[in-house]
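Look at the structure below together with its sequence.

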Amino acid sequence: RRIVDLCQSVLVPIRVIRSIKVPTAEKYSEALFVFRQNLQELADVLKDYTKDGSRVLFIFHPHYRHLNLAGRVWNDLVSSSVQKMCAANGFLFFNATETLKQRSGSHPEELYWKIGDMHFSFKGLEEYSAAVAAFMASTMINPGIFRAIPDRRASARNSSVLKSSIA
């Protein structure tokens, strides 16, 4: 009897874990349709304003769970929709998720105010800003000169190069 109780107590959480599903595009198809229409409307305005869209940049700000899921997948319905719209309209797109995963190592919680919050801490703002600046420098300002900036010290060294290349 004790073995049966033990097995059931172990199997119930496994069943619950297996029943958890990542939100799918089908589940949110109507909301995604409206979101994508709004994105395209925004894209049309930006293309009209900039004339070609080559200087338009969309940036994805990852939630804490995008950085730390221990093998589970957090949905990317919003970021993938934005990325597809950018590709279709000739806009730039930067997803900071992989860069922040590398920069945070095994402690992504240090980049956010608290676990589960999507607002960056001061350290998170610093890392996110450095990642965005490195992307912009390598992609928008002078693609031939800049490479990915691995840390803040390199960012500080390159800022003088950046200022001189802009002047």
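Glu127 and Arg103 form a salt bridge, with their closest N and O atoms 3.0 Å apart. The term salt bridge is used here for a side-chain nitrogen of Lys or Arg within 4 Å of a carboxyl oxygen of Asp or Glu. Glu127 lies in helix α6 and Arg103 in helix α5, so this pair ties together parts that are 24 residues apart in sequence. Glu127 has 5% relative accessibility and counts as buried. Buried means under 20% relative accessible area, exposed means over 50%, and partly exposed is in between, with a 1.4 Å probe and protein chains only.

A note on the source: this is a predicted model, in which local features need pLDDT of at least 70 and side-chain atom pairs count only at pLDDT 80 or more, while totals for chains, interfaces and linings use all residues. Residues are numbered from 1 along each chain as its sequence is written, and side-chain values use heavy atoms, with hydrogens and water left out.

How many salt bridges does the rule give for the protein? The count is three. Another of them joins Lys123 to Glu110, with the closest N and O atoms 3.1 Å apart. Lys123 lies in helix α6 and Glu110 in the loop between α5 and α6, so the pair ties together parts that are 13 residues apart in sequence. Lys123 is partly exposed, at 34% relative accessibility, and Glu110 is partly exposed at 39%. There is also a salt bridge between Lys101 and Glu98, where the closest N and O atoms are 3.5 Å apart. These two residues are three apart in helix α5, which means that about one helical turn separates them. Lys101 is partly exposed at 31% relative accessibility, as is Glu98 at 48%.

Now consider the helices and strands as a whole. The protein has seven helices and two strands, arranged along the sequence as α-α-β-α-α-β-α-α-α. Helices (H or I, at least four residues) and strands (E, at least two) are DSSP runs, numbered from the N terminus.

Next comes the interior. Of the 167 residues in the protein, 29% are buried. A nonpolar core is a set of buried Ala, Val, Leu, Ile, Met, Phe, Trp, Tyr and Cys residues joined through side-chain atoms within 4.5 Å. The largest such core has 12 residues, including Tyr64, Leu67, Leu100, Tyr128 and Phe135. Helices α3 (64-67) and α6 each supply at least two residues of this core. Its largest share, four residues, comes from α6. Apart from this core lies another, of 10 residues, among them Ala43, Val56, Phe58 and Met85.

Leaving aside residues up to four places away in sequence, Leu100 touches Pro62, Leu67, Leu111, Phe120, Glu127 and Tyr128. A contact means heavy atoms within 4.5 Å. Among the contacts in the protein with a separation of 6 or more, 66% are between residues 24 or more positions apart.

Accessible areas come from the Shrake-Rupley method with a 1.4 Å probe, and for residues only the protein chains shown count as cover. Trp113, Phe122 and Leu125 form a nonpolar patch on the surface, with about 380 Å² of accessible area together. Patches are made of residues with over 30% relative accessible area and no salt bridge, where like charges are joined within 9 Å and nonpolar side chains (Val, Leu, Ile, Met, Phe, Trp, Tyr) within 5 Å. Trp113 is in the loop between α5 (97-104) and α6 (122-141).
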